[in-house]
Amino acid sequence: MDISGTMTTTPAHPSTDAGPGRRRGLGRRLGTLLGAGVLAAGAAVATASPASALTHSEAAGQLRAAGISISSSGGCSDQGTPTCTSLTGVRQATISGAITLKNASGCALNVTGGTEVGHAGGTYSHGNGYKLDFSLSSCLTSYVQNTFTYVGTRGDGAALYRAGSGNEYAKEGNHWDVTYYNCGGC
């Protein structure tokens, strides 16, 4: 392909310069070029790191600036300690979703769980940066139950509510477990 985007070919053999052989040769070359482009694009996607993953300091700074507190039973932020509340590796969309929740609900929010070890695994998990836990409060509970759609219970018995954005709010024993698939309309 030249700089203008026009496909140019050079026959591999003089005998492929004309007739049906040329068409097959061009088709093979075009198929090879297209296949290489798809493979290159796929490789770029497959090897790309999550550009939206934040450090603990970045995420905590954004939450605090929005008036959202962070606490842990261990008084720490070490990702490798289950009693800490770590935000290391949390997705930007998750933090933006928490800020959207704060602004929409008008409730005081307190994050009690992030990416630290000790949570269940899975694609859309705490460890992969998709979930935050929030302390129970009458304000937050009322907002979730009166604003979002009740969709049943999870396998663990937690009542599950879904926002119009698709984000999910599960009322676990002593906290709300929120899955942020996106920022919730930020």
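The mean pLDDT of the protein chain is 80, and 73% of the residues reach a score of at least 70. Residues 1-49 have a pLDDT below 50. In the model, this stretch has 18 contacts beyond near neighbours in sequence.

The protein chain contains four helices and seven strands. Read along the sequence, these elements follow the pattern α-α-β-α-β-β-α-β-β-β-β. The protein chain has 186 residues, of which 35% count as buried. Among contacts in the protein chain with a separation of 6 or more, 54% are accounted for by residues 24 or more positions apart.

Helix H4 covers residues 138-147. Within H4, Leu140, Thr141, Tyr143 and Val144 are buried. Seen down the axis of H4, the buried residues fall within an arc of 165°, so they line one face of the helix. Ser138 and Asn146 are exposed and lie on the other side of H4.

The relative accessible area of Ser96 is 17%; because residues under 20% count as buried, Ser96 is assigned to the buried class. When residues up to four places away in sequence are not counted, Ser96 touches Cys183 and Cys186.

The largest pocket in the model has a volume of about 210 Å³. Its lining consists of 18 residues, and those closest to the pocket centre are Ala120, Tyr124, Lys131, Arg154 and Asp177. Two elements, E3 and E7, each give two or more residues to the lining of the largest pocket. The largest share comes from E7, which supplies three residues. By class, the lining of the largest pocket has eight polar, seven charged and three nonpolar residues.

In summary, the predicted model has helix H4 with its buried residues lining one face, and strands E3 and E7 both contribute to the lining of the largest pocket.

Definitions and conventions. Residues numbered from 1 in each chain as written. Predicted model: local features only at pLDDT ≥ 70, side-chain atom pairs only at ≥ 80, totals over all residues. Heavy atoms only, no water. pLDDT = per-residue confidence, 0-100. Contact = heavy atoms within 4.5 Å. Buried < 20%, exposed > 50% of the residue type's maximum accessible area, 1.4 Å probe, protein only. Arc of directions from axis to C-beta. 1 Å grid on protein atoms, 1.4 Å probe; cavity = no way out; pocket = protein on both sides within 12 Å on 5 of 7 lines; lining within 4 Å. Points joined across faces, edges and corners; volume = space filled by probe spheres on them. Nonpolar A, V, L, I, M, F, W, Y, C, P; charged D, E, K, R; others polar.
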